[in-house]
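Q: I'd like to learn how to read a protein model. Could you walk me through it, one feature at a time?

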Amino acid sequence: MLCKVIGAAVQGIDAIKVDIEVSVDWGSNFVLVGLPDTAVKESAERVRCAINEAGHEFPRKNVVINLSPADVKKEGTSYDLPMAVGVLGAEEKVSTEKLDRYMLMGELSLDGTLRAVKGALPMAIVARSLKLDGFILPRANALEAAVVNNLNVYGVDTLQDVIAFLNNEKQLEPTVVDTRAEFARAQGSFPYDFDEVKGQENVKRAFEVACAGGHNIILIGSPGSGKSMMAKRLPSIMPPLSLNEALETTKIHSVAGKLPGGTTLMSTRPYRAPHHTISQVALVGGGTYPCPGEISLAHNGILFLDELPEFTRSALEVMRQPLEDRHVSISRAKYAVDYPASFMLVASMNPCPCGYYGHPTKRCVCNEYQRHHYMGKISGPLLDRIDLHVNVQPVEFEQISSKEKGESSAAIRQRVVAARAIQNERFSAYKGVHCNAQMTPSLIHEFAEPDAAGLQHLRNAMTRSGMSARAYDRILKVARTIADLEASPRVLQHHIMEAISYRNLDRNI
């Protein structure tokens with residue numbers, strides 16, 4: 001007999017429908033076709049043991065399972081449950097009456113219990129698009145999938161529960177999540193706050209500008225000056241995620257298997273801080289089995305690269321295209337995927353190998369060649385794509401010992417949100433543009449043209465420093481953000497002057 005079960009396969013950060021077709025006939029072979037990977041092929045023994053533990057006998061016959069469409073690669077362990085149900089349905093031990101109205105996905109343990117799978121959220125979106133009655137999956141993934149509206153999501157614990165439901169011996173309760181209420185409740189909770197930072201007012205201001213416009217920023221300072229400490233507090237002043245951004249961000253983390261258990265929607269912007277030994281594949285994505293890299297996991301959030309010159313040159317250079325295009329296309333011999341990568345790059349570095357060049361009290365032991373070689377590890381094209389270059393000086397003792405708290409993250413965030421609201425209104429008619437950092441040259445010409453005094457000041461600065469055309473665009477974008485923080489409709493000279501002050505690595509201005 002032939003039995004068909006509805007499943008799904010993840011491609012990129014989306015999913016497509018997959019039909020698991022099971023045929024049981026006379027013979028003694030087990031054949032699995034449809035481009036399965038190793039994990040899918042190994043499911044035969046898991047399915048066999050789980051069926052036996054559920055009180056049924058795995059058929060001693062010829063079992064052929066086809067995963068359709070057969071030209072799409074099938075990966076992972078989530079096909080265990082639909083394959084087991086398909087085998088039992090083909091043996092007429094499970095009613096097939098409901099199988100065309102439900103999607104089934106889940107990994108089986110040898111005792112028949114269900115384990116969590118990757119990509120439950122995009123699978124649920126596909127189930128809703130097919131107008132199915134429900135989606136049956138492991139209980140550990142139920143909250144994640146239940147954020148999809150107009151779809152009944154049933155979290156189950158064992159294969160026995162699924163069999164009883166299909167045979168009308170047991171009713172399953174759908175998982176109900178008030179998506180908007182859960183999303184609103186989880187926002188605004190951060191472990192770190194800027195009121196704990198003593199001094200460093202110039203760096204706080206630069207962070208405020210960067211977050212208000214979505215600009216990339218690099219911090220240059222000696223060890224212990226607070227670069228990493230302040231970077232950890234950046235999520236607390238970023239504008240809150242919109243519901244659409246949260247859904248897209250959650251999809252990426254779901255596909256990568258990075259969602260914590262019991263998560264519905266990601267409510268705060270991601271903050272990723274990979275170690276400098278990371279490979280270029282781990283950074284941009286790909287691999288033998290395609291998976292989002294750190295730049296995609298930081299989508300709609302922050303990618304913090306501490307000790308930037310210590311990263312390999314190849315890893316840094318592959319970020320140049322995603323920084324410009326805000327997505328990454330990965331093409332290999334057997335697959336091609338596209339991942340979103342609209343992140344805010346935050347980097348930090350020492351001014352020299354010993355770390356004390358320019359320090360007010362400690363002497364630098366590096367010579368000129370060593371300093372130039374150290375800075376040369378970061379290419380000019382990459383630096384051009386970083387909007388703000390900020391020097392971080394050590395905090396004086398009087399500031400460190402002061403008991404007075406600094407300005408809170410909530411106060412800074414309020415100004416950032418107000419500036420972003422201006423940008424959202426400004427770019428409402430432009431698809432894919434949400435903040436000043438995403439402006440195209442034509443939009444810069446339309447919205448960020450400075451007044452005559454500001455233009456003259458910019459001309460003089462670029463002539464002295466030999467800055468590139470890309471640096472020109474970056475300065476105008478930052479100046480537009482500074483003007484938005486003041487609610488100024490025009491970019492004025494003092495906005496240009498402040499924006500130029502954030503280009504410390506473009507020689508002396």
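Q: Let's start with strands. Which residue in β17 is the bridge partner of Ile 218?
A: First, a word on what you're looking at: this is a predicted model, so local features need pLDDT of at least 70 and side-chain atom pairs count only at pLDDT 80 or more, while totals for chains, interfaces and linings use all residues. Residues are numbered from 1 along each chain as its sequence is written, and side-chain values use heavy atoms, with hydrogens and water left out. Strands (E, at least two residues) and helices (H or I, at least four) are DSSP runs, numbered from the N terminus. Two strands pair if DSSP finds at least two bridges between them. Here, Ile 218 has Ala 347 in β17 as its bridge partner. β10 and β17 pair in the parallel sense, over four bridges.

Q: What does β17 pair with in the case of β14, and which residue is opposite Leu 303?
A: Strand β14 (residues 302–305) pairs with strand β17 (residues 344–349), in the parallel sense and over four bridges. Leu 303 stands opposite Leu 345 in β17.

Q: What is the strand order in the open sheet, and which strands are at the edges?
A: Read the five strands across as β11-β14-β17-β10-β18, with parallel pairing. The edge strands, each pairing on one side only, are β11 (271–272) and β18 (388–392).

Q: Which way do the side chains of β17 point, and are they buried or exposed?
A: The general idea: in a regular strand the side chains alternate between the two faces of the sheet. Buried means under 20% relative accessible area, exposed over 50%, and partly exposed in between (1.4 Å probe, protein chains only). In β17, Met 344, Val 346 and Ser 348 point one way, Leu 345, Ala 347 and Met 349 point the other way, and all are buried.

Q: Which helix lies across β10, β17 and β18?
A: That's helix α8 (residues 201–213), which runs at about 160 degrees to β18. For such angles, axes are lines fitted to C-alpha atoms, for helices over the stretch in contact (heavy atoms within 4.5 Å). The angles run from 0 to 180 degrees between N-to-C directions.

Q: How many residues are in the largest nonpolar core?
A: In soluble globular proteins, nonpolar side chains tend to be buried together. A nonpolar core is a set of buried Ala, Val, Leu, Ile, Met, Phe, Trp, Tyr and Cys residues joined through side-chain atoms within 4.5 Å. The largest one here has 65 residues, and those touching the most other members include Ile 20, Ile 65 and Phe 135. Its largest share, seven residues, comes from helix α3 (residues 80–90). A second, separate core has 48 residues, among them Val 203 and Met 344.

Q: What does Ile 65 touch?
A: Leaving out residues up to four places away in sequence, its contacts include Ile 20, Phe 30, Met 83 and Val 87.

Q: How many aromatic pairs are there, and how do I read one?
A: A pair of aromatic rings is described by the distance of the centres and the angle of the planes. Rings of Phe, Tyr and Trp (its six-membered ring) pair if their centres lie within 6.5 Å; planes under 30 degrees apart count as stacked, over 60 as edge-to-face and the rest as tilted. A search of the whole structure finds eight pairs. In one of them, Phe 30 and Phe 58 have ring centres 6.1 Å apart and planes at 40 degrees, so the pair is tilted. Phe 30 sits in strand β3 and Phe 58 in the loop between α2 (43–53) and β4 (62–68), 28 residues apart. Phe 58 is buried at 6% relative accessibility, whereas Phe 30 is partly exposed at 27%.

Q: Why is the pair of Phe 427 and Phe 447 edge-to-face?
A: Their planes are at 85 degrees, with the centres 5.8 Å apart, so the pair counts as edge-to-face. Phe 427 is buried, with a relative accessible area of 1%, while Phe 447, at 21%, is partly exposed.

Q: How many disulfides does the structure hold?
A: A disulfide is a covalent bond between the sulfur atoms of two cysteines. The test used is a pair of cysteine sulfur atoms within 2.5 Å, and this structure holds zero. Take Cys 354: the nearest cysteine sulfur, that of Cys 352, is 3.5 Å away.
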